[in-house]
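Trainee: I have a model open and would like to learn how to read its features. Could we walk through a few together?

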Amino acid sequence: MASPYGSGDVGVKESSPFMNGGAPAPRKRSKWLKIGLPAAIVVVVILAAVLGGVLGSRASKKNKDGSSGADPKPGSAEATSLSSERAAVGRFATATNSAFMVPLYPSTTNTAVFTTPTISSSVDGWPNDPFSPGTPSALTTRTDRPRLFAPQYKWDALPNLIQNDPYLKAWNDTIFGNATTYLSQPPVVYFMDGDSGILDNAREVKERIKAFGYAYRLTKDKKWSDRAWTELQNAAGNGDQPFGPATDRWNTNHFLDAAEFSAAFGIAYDWFYDVFSDDQKSQMRATMIQYGLQPGLTVFTGAATFGWWATGVNGNWNCVCNGGLTVAALAILGDDTTGVAQGLLGHTIDNAKDNCVKGPSTDGTWSETANYWYFGTTGHAEMASALMTATGSDYGLFDTNTNFELTGLFHMYGYGATSLFNYGDHGPNKFSTTANCMFLYADAYKRPEYALFQRDRADAAEPWSMFWYDPKTTGAYWNGAELDHFFDDANDQWASMRSSWTDVNALYVAIKAGQNRDHQTHNDLDVGDFVLDALGTRWAGELGSADYRSPDYFTSGAQDAPRWKYYRKMTEGQNTILIGQANQNIQANPTVKHDSSGTKQGSSTVLDIPKDSTAFWTTDMTSAYDGASSVKRGIRLLNGRKQVLLQDEITATGAIQWRMHTNATVTTSGTSATLSLDGQTMQVSILNPPTGAAFSTSEAKRFDSDPTPPAPDQENPGVTVLIISLPAGTANLQVLFNPQWPGMAASDYVTPKQVALDDWSLTSHN
């Protein structure tokens, strides 16, 4: 039998599309390769595993409606068939797209394993945890080690599961490959990145410790624990290179840094507990308490100036800070004679329940942005998992906010054919931050589609996946999934519409309204903003974060805040309507209306869309503009989801501009524009054009008349703004997007009739 522990020479990093695996660098130096990717462009190779080769050759065992029948009984012929099918198919994705790092699925008809998402009783899974206290207490931990994330019973079961599950096997190989790569690298170099502090350092150390700890626990080879100790000594300031000031090595003023270092040390303390000496563990406790836990305790018991995140903050800061402190406190609880760990656990859980768990709104949308969802949910999931494994309960972290269950849908529908609907700020480099909370949430909320969606993603291969993923999860996430979803919380209000879940060339539109406030100062002034994917690329995209080190970037979200002077944050830097060259009103309260034909994808990765399949979304966003008496926007899918109509109805006292940012090469001719990108073509036209309406273009930069920002804007090389300019008055703009689909003749495209937005319905354009 081949070793389940990896060869140690894979040397390939399977990373998040939003993670820079190289050394941290000042954010302002980043280059933009694609709209839709953050400032931290990936510079690492993606594992494109081709583990299946028989996907199209099997007859369907499903009912006619595409749903699966009863789960096969263990030991039955059907159960044996299911196991053999899973082994033959391997991973559903056959590769990872190199440009956007999204999974590529085979073009195949129904296959026996592409069933409705479910938990199968006929597949081997995790044994029951022998630790099951009747009355759990956060101050009473299991007696065996490890106690965090993966107790020993899971390590004991893992080798067999690796042998029999293609996802676990591939992830295991990648983790060992990453650990081997880290083994030969020098310790993380201290780098103070302005207002972002040393957060990149902290998360990179945590990423390495997780990999070293995983490799050690499966092999018991001390080369992994020795290398981990070198990394820990360095981050404690006891290495061969300086690591911050001796009084505050973990930069508590930017407490995210201290929290992530605390988590890294807590993981190491627990996972290397049997190999580190008492002296080593004593040193680690002293370091954690001095630079992380004691300062953290003062947030709750004193007047710490760095504790703003503990009061009324429902974003990622609260989740990450409480999560890191909890992980570290649980790791040393019982060994700590100072009482700091015990004291912290008396505060962090309740504080997280008052704040962190409110990150998702009533529709599951994360309160900050789609990218900050990664940071917030990672902190939340790590905290909940550590508490469950160490003490036997999550203490309400999963269900205090009954809407938390929906945040997995937010992530799924926020992902287009190429990448996220990545409005607002992206955040710092991801490193140890992933979307693997989806595995934990799949189990907590009995939503197997969450795990099935995440397991094919590029950031899935890391230690948490090995223990949060349930190998009994079977089926395809797309089987039965609606193509459209609408998110209606007043703070968010956005729509996700697509033509397929599994075709990288699919049409995808996402558009938002929502408030221009209450997003933890990570939003843009962007009511009406949209993105558009088709033909394997993103045609209308987001510019993302500006330079986090720019003066006053986070100081305020008020109407006159310096933040709104930076191009990437102001209204003209978004794909929306600009009136009088002025920013939108921060007090905007749009309303929305929408409907969908309710089309669902079946078990096949090939979806034949009916001609009448459609969806639309409209918003009255008048409240976002001071220089207008009426501004309405609507978007709908046409012609069996092959075309997109974007319509605006405007009455304004200021000059009107329709703006869209694109990486495409743009050629304009009056009311028509041709966009060329990645060897594909998009035709854009103005239907029933108002007098004087025509396309023009500009560079993605501010007007000369704009107020000067506190620091120069980032440049946006390769980005063109497609523009329609009109004078003040009343205008009705219909912009039609026609991706030039292979094999589709000009006569196959439709020209929709003009219908007022208030009269839109599912049949209004028939």
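**Reading the model, feature by feature**

Mentor: Start with helix H11: 19 of its 20 residues are buried, so H11 is largely enclosed by the rest of the structure. Buried means under 20% relative accessible area, exposed is over 50%, and partly exposed is in between (1.4 Å probe, protein chains only). Helices are DSSP runs of H or I with at least four residues, strands are runs of E with at least two, and both are numbered from the N terminus. This is a predicted model, where local features need pLDDT of at least 70, side-chain atom pairs count only at pLDDT 80 or more, and totals for chains, interfaces and linings use all residues. Residues are numbered from 1 along each chain as its sequence is written, and side-chain values use heavy atoms, with hydrogens and water left out.

Trainee: How far does H11 reach from its first C-alpha to its last?

Mentor: The expected span of a helix is 1.5 Å times one less than its number of residues. H11 reaches 28 Å, close to the 28 Å expected for its 20 residues. Just after H11, Gly 392 takes a positive phi of about 95°.

Trainee: Which residues does Ser 385 touch?

Mentor: Contact means heavy atoms within 4.5 Å. Ser 385, which is found in H11, touches Phe 149, Leu 440 and Trp 468, leaving aside residues up to four places away in sequence. With the side chain of Trp 468, the Ser 385 side chain makes a polar contact at 2.9 Å. A polar contact is a pair of N or O atoms within 3.5 Å; within protein, one must be able to donate a hydrogen and the other to accept it, and residues adjacent in sequence count only if both atoms are side-chain atoms. Ser 385 is at 2% relative accessibility, so it counts as buried.

Trainee: And where does H7 bend?

Mentor: A bend at a residue is the angle between axes fitted to the seven residues ending there and the seven starting there. H7 bends by about 55° at Ile 289.

Trainee: Now the cysteines. Which two are joined by a disulfide?

Mentor: A disulfide is a pair of cysteine sulfur atoms within 2.5 Å. Cys 319 and Cys 356 are joined, S to S 2.1 Å. Cys 319 lies in helix H8 (residues 316-332) and Cys 356 in the loop between helix H10 (348-354) and helix H11 (372-391), so the pair ties together parts that are 37 residues apart in sequence. The torsion about their S-S bond is about 100°, so this disulfide is right-handed. Cys 319 is buried at 0% relative accessible area, and Cys 356 is buried at 1%. Cys 321 is in no disulfide; its nearest cysteine sulfur, that of Cys 319, is 9.5 Å away.

Trainee: What should I look for in the backbone?

Mentor: Most residues other than glycine have a negative phi, and most peptide bonds are trans. Here, a cis peptide bond joins Arg 145 and Pro 146, with omega about -5°. Pro 146 lies in the loop between strand S3 (118-119) and helix H2 (152-164). Phe 149 sits in the loop between S3 and H2 too, and has a positive phi of about 70° although it is not a glycine.
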